[in-house]
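This report describes one protein chain for a reader who is new to structural work. Please keep the sequence and the structure in view while reading.

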Amino acid sequence: MIDVRPLTRREELEDAVRLQREIWGFAEIELLPVRLFVVANKIGGQVFGAFDGVRMVGFLLAIPGVKPGGRSYLHSHMMGVLPEYRNQGVGRILKLRQREEAVAAGVDLVEWTFDPLEIKNAFFNIERLGAIVRRYVLNQYGTTTSHLHGGLPTDRCVAEWHLSTSRVDRMLSGHRPHDTIVERISVPQAIAQWRIDDPKRARQEQERISEQFLQHFRGGLAVTGFERGDAAGIYLLGPWHSD
């Protein structure tokens, strides 16, 4: 059974840094240091660990932010789960704990970035959690040393998780709303392999996808759904209004 709890002791925070190395393979200079986790705990952020017995198998770090106009929110900067514990619901448990704690603190919005080429992650964010996407950032973090990024620019979607909406309640309970879909963006399943053995092709596909996102977001559309098929994952876009 997976147990999620706040991380406060230095040894636990050092474990979270170690997990970054194991999950992403970052070079030392790109690791989030222990002191950032300490600061997050002190300024209203969130630092959670997921444990299988005494072993930490995942973690989540979020920091507080303020929107123009003064609205407070949480930026969920990093969440990772060890490879052998993926597809077992660990990420969902971490995110549900995040939602519970945020709502209790009076926060109703959490945002984070994710790689639009990562189909499983996109499905989880949009279909399992009920996040929407209205922004796309080109090369958000620059080119990193992580093997998961495959040397590509770190283009990112910005997920918006409106915690207290009926949409999120429905999505978390497995009841998808009937959204109006007017555009689709397809991401081939094969792009994960192209990152490894055909980086030029992967980059061309990334550019095609980024152009479509930017065009549709300029037109006022939002990603409100995601479909997974054998050959591709498909972002579903349409109008969105907060409920």
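## A proline and its surroundings

P199 is partly exposed, with a relative accessible area of 44%. The model in which this value was computed is a predicted one. P199 belongs to helix α7, which covers residues 199–218.

Which residues does P199 touch, leaving aside those up to four places away in sequence? The residues in question are L152 and W194. With L163, by contrast, P199 has a separation of 36 residues in sequence and 37 Å in space, taken from C-alpha to C-alpha.

## Overall form

The protein chain contains seven helices and 10 strands. Its radius of gyration is 18 Å, close to the 18 Å that the globule rule gives for 243 residues, and the chain is therefore as compact as a globular protein of that length. The C-alpha trace spans about 50 × 45 × 35 Å along its principal axes.

Of the 243 residues in the protein chain, 49% are buried. Contacts between residues at least 6 apart in sequence show how the chain is connected: 67% of them join residues at least 24 apart. The accessible surface of the chain comes to about 11,900 Å², and carbon and sulfur atoms account for 51% of that area.

## Charged side chains

The protein chain carries 31 positive and 30 negative side chains. The centres of these two sets lie 2 Å apart. Side chains of opposite charge can pair when their charged atoms come close. How many salt bridges does a search of the whole structure find? The search finds 23 salt bridges.

## Salt bridges within the chain

One of the salt bridges is formed by R97 and E101, whose closest N and O atoms are 3.0 Å apart. R97 and E101 are four residues apart in helix α3 (residues 90–104), so about one helical turn separates them. E101 is partly exposed, at 31% relative accessibility.

A second example is the salt bridge in which the side chains of E127 and R176 meet, at 3.0 Å from N to O. This pair links distant parts of the chain, as its two members are 49 residues apart. E127 lies in helix α4 (residues 119–128), whereas R176 lies in the loop between α5 (166–172) and β8 (183–188). Is E127 buried or exposed? E127 counts as buried because its relative accessibility is 12%, and buried means under 20%. R176 is partly exposed, with a relative accessible area of 32%.

## A network of charges

Salt bridges that share partners join five residues, D3, R5, R9, E11 and E12, into one network. Within this group, the side chains of E12 and R5 meet in a salt bridge of 3.7 Å, N to O. E12 is buried, at 6% relative accessible area, whereas R5 is partly exposed, at 29%.

## A residue in a loop

Where does D230 lie? D230 is found in the loop between β9 (222–228) and β10 (232–238). D230 counts as exposed because its relative accessibility is 83%, and exposed means over 50%.

D230 may also be placed relative to V90. The two are 140 residues apart in sequence, and their C-alpha atoms are 24 Å apart in space.

Note on methods: Residues are numbered from 1 along each chain as its sequence is written. This is a predicted model: local features need pLDDT of at least 70, side-chain atom pairs count only at pLDDT 80 or more; totals for chains, interfaces and linings use all residues. Side-chain values use heavy atoms; hydrogens and water are left out. The radius of gyration is taken over C-alpha atoms; the globule rule is 2.2 Å times the number of residues to the power 0.38. Buried means under 20% relative accessible area, exposed over 50%, partly exposed in between (1.4 Å probe, protein chains only). Contact means heavy atoms within 4.5 Å. Accessible areas come from the Shrake-Rupley method with a 1.4 Å probe; for residues, only the protein chains shown count as cover. Lys and Arg count as positive and Asp and Glu as negative; His and the chain ends are not counted. The place of a charge is taken as NZ of Lys, CZ of Arg, CG of Asp or CD of Glu. A salt bridge is a side-chain nitrogen of Lys or Arg within 4 Å of a carboxyl oxygen of Asp or Glu.
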